Amino acid sequence: MSKSIYITTIEANSGKSLISLGILRMMLNQSSKVGYFRPIINKGENNEFDNHTNTAINYFNLDIDYKDCFVYEQNEVVELISEGKTDEVIHNIIKKYKNLESIYDYVLIEGTDFSGDGGFTEVDVNLMIAKNLGVPVLIVGAGNGKKKKDFINTMQITYNSFVQKEVDVIGVIANKTEVDEIDYIREQLHKSIPKSVQIDVIPKVNYLAFPTVKEVVDALQGEILFGEQFLNNSIGSYSTGAMQLRNYITRIKKNALVITPGDRADIILGALQANASSNYPKIAGIILTGGLIPEDSILKLIEGVQSTIPIISVKGGTFGVSNQIGSVKPKIYASNTKKIVLALDTFDKHVNEKGLTSILSSFNSDKLTPSMFQYNLLQKARASRKHIVLPEGNDPRIIEAAARLQLLDIVDLTLLGNKKEIQLKCNQIGLQINLDKINILNPEDSIHNNNFAKTLYEARKHKGLTETTAQDLTRDVSYYGTLMILNGLADGMVSGAIHTTMHTIKPALQIIKTKPGVSVVSSVFFMCLSDRVSVMGDCAVNPNPNAEQLAEIALSSAASAEAFGIKAKVAMLSYSSGSSGKGEEVEKVRKATEIAKKLNPDLLIEGPIQYDAAVDMSVAKTKMPESMVAGQASVLIFPDLNTGNNTYKAIQRETGALAIGPMLQGLNKPVNDLSRGCTVDDIFNTVLLTAIQANQA
């Protein structure tokens, strides 16, 4: 698995590029396979490339294509978020990042730079992306122009906002601080931020803090008249030459940018002479406004002067141009090697590179967001490429889910039903699907019926099943689909959009049967909440399990969680927490917990425990402060079906959470039951679960 860092900032002009360059070089010291990813770019209207991305690729000669480094331009994200398509944004970012992660040993991820009219809270967007990518974060802030207490408070608040959203912050960097404030800022940040988080403080470096003449030229789309080789001159200040020369030259400061109308030959020549004189400071360059070019005689005179000053002509009045120049922020770009070298040197002097390398090499997160969980489902199902049978082929929801699965080319499908009737349904709902590319079998008249009847008879004759009854049962879609699995014609089945749970799973219990050592077939839902995925069981099958059955459900659910990338921390739910409660129901949960612990001593399990203590850390600290599960439970086991079914539905309806499932566990081959109120999304996700289960069987 690749090692990645997400660098984010709390404001514009924070000097994030310095940190990115330093981290990139740090990664390249560990491996040559380093990738760069900037999910949202803002290249500006007049630029062909995003400067951050272009600089990273070209200076370090990274083996990566520019187009692979980003997903959206900032204006696209603004539009999509305003349309309520945040999930789409996150899905596409995850998809592109995962591709880079599979190629490179290290990936540097750089957040947005707060340039342009964002239209959204960029801290929240960066937080959301980092959380869904599951990578550690480095927070960068700039102290220039701020009172040190205000700056420290802002850094602390930003850190807390990321931590509260369960994002792993591995470092905080206070950039552009005053030299005499470095120790104070570091000391104050350490007071409120844990020692496990690395804190670095970097002083302001004037050459990096000021824009260059090139940046002004780019911003104003200026025409270079002289001194192109000196465009990297740093601008320390700027002033307007509108007065007489004798008054103006006394106001020239070191590294100043002279702004004057293009017809003011006196100011132009005077500034050049002042620059050459040892009695006056060196200037950065001259900007000629109004689109005015000096007359030929003056140009000839300038041309003959040996100078280190770039002279630029721009359109627009002197006042407006001055305002534009004042808003130009410093950047680090690929051609300015002096800035890059200085940035890297500054990083070396003030950032604990060894500390970051150590943290990064040992970092491992077990956090899983709903978006990442759904993405992983898709990728795992596609990789396993299983054959799933859908017995209710005439249902419009089933057909629509099949069309989506066909489009994404994730699984092989068989629909049960009459092909002409299915095609008619497609026409009625206006669905474009190529039924010739989906296997369609009709249990009423199938080439498999006789063989299926023989198989069923042999499997159930000891229970009194006759050959005639077996022949009739093969025409039942649930039996037919289950027999397909038994005979190797399908890997799994999803049904229940029309039929009851018992109608769906009864044939599986009779024919496929349970796994060795499993006595209870149970179910789990994957509840995709706003910031986490919880596994909830049993919410669909067992009405009132005893202690032994409840323990088995807990162990099966924990195994299901781990199989789908969720670290199992099991909470055995009851109306009481710990040893305080009494009563038959709480004793059942207590006994079930003890049985589960004996059967799997390594399992993190707590019970009995109340729901709030299981999922809310603040409650957990009060009720069960020593527990390794309380406040962070990922697997929630309900004491009975009444509690489980009502709770999952209440959470789903009240929070808008996505409930994926139920997924049955304990069978030799996967058969999963849908709710009769299921949506197309429910069917789609349950097919993915079934395909992954089939690969694990």
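Start by selecting strand 10 (residues 237-240) and strand 11: they pair in the parallel sense over four bridges. Two strands count as paired if DSSP finds at least two bridges between them. Helices (H or I, at least four residues) and strands (E, at least two) are DSSP runs, numbered from the N terminus.

Before you go on, a word about what is on your screen. This is a predicted model, in which local features need pLDDT of at least 70 and side-chain atom pairs count only at pLDDT 80 or more, while totals for chains, interfaces and linings use all residues. Residues are numbered from 1 along each chain as its sequence is written, and side-chain values use heavy atoms, with hydrogens and water left out.

**Stop 1: around strand 11**

Show the side chain of Tyr-238 and look across to strand 11, where Leu-257 stands opposite. Which residue of strand 12 is the bridge partner of Val-258? Select Ile-286 to see that partner. Next, colour helix 11 (residues 265-276), which together with strand 11 and strand 12 makes a right-handed β-α-β unit. Right-handed means that, with the strands pointing away from you, the path from the first strand over the helix to the second runs clockwise.

Is strand 11 mostly covered or exposed? Strand 11 (residues 256-261) is mostly covered, with five of its six residues buried. Buried means under 20% relative accessible area, exposed over 50%, and partly exposed in between (1.4 Å probe, protein chains only).

**Stop 2**

Select helix 7 (residues 182-192) and highlight its buried residues: Ile-182, Ile-185, Gln-188 and Leu-189. Look down the axis of helix 7: these buried residues fall within an arc of 140°, so they line one face of the helix. The arc is taken from the directions from the helix axis to the C-beta atoms. An α-helix has 3.6 residues a turn, so residues three or four places apart point the same way. Turn to the other side of helix 7 to find Asp-183 and Lys-191 exposed. What do the buried residues of helix 7 pack against? Their neighbours are helix 6 (148-164), strand 7 (169-177) and strand 8 (198-203).

**Stop 3: a threonine in a loop**

Go to Thr-474, in the loop between helix 20 (467-473) and helix 21 (477-486). Thr-474 is buried, with a relative accessible area of 0%. Leaving aside residues up to four places away in sequence, Thr-474 touches Pro-443, Asn-449, Phe-452, Ala-453, Tyr-480 and Leu-483. Contact here means heavy atoms within 4.5 Å.

**Stop 4: rings**

How many aromatic pairs does the structure hold? There are eight. Rings of Phe, Tyr and Trp (its six-membered ring) pair if their centres lie within 6.5 Å; planes under 30 degrees apart count as stacked, over 60 as edge-to-face and the rest as tilted.

Select Phe-49 and Tyr-66: their ring centres are 4.8 Å apart and their planes are at 80°, so the pair is edge-to-face. Phe-49 is partly exposed at 35% relative accessible area, whereas Tyr-66 counts as buried at 15%. Then jump to Phe-525 and Tyr-648, whose centres are 3.9 Å apart with planes at 20°, so this pair is stacked. Phe-525 in strand 18 (residues 522-528) and Tyr-648 in helix 27 (residues 641-655) are 123 residues apart, so the pair links distant parts of the chain. Both Phe-525 and Tyr-648 are buried.
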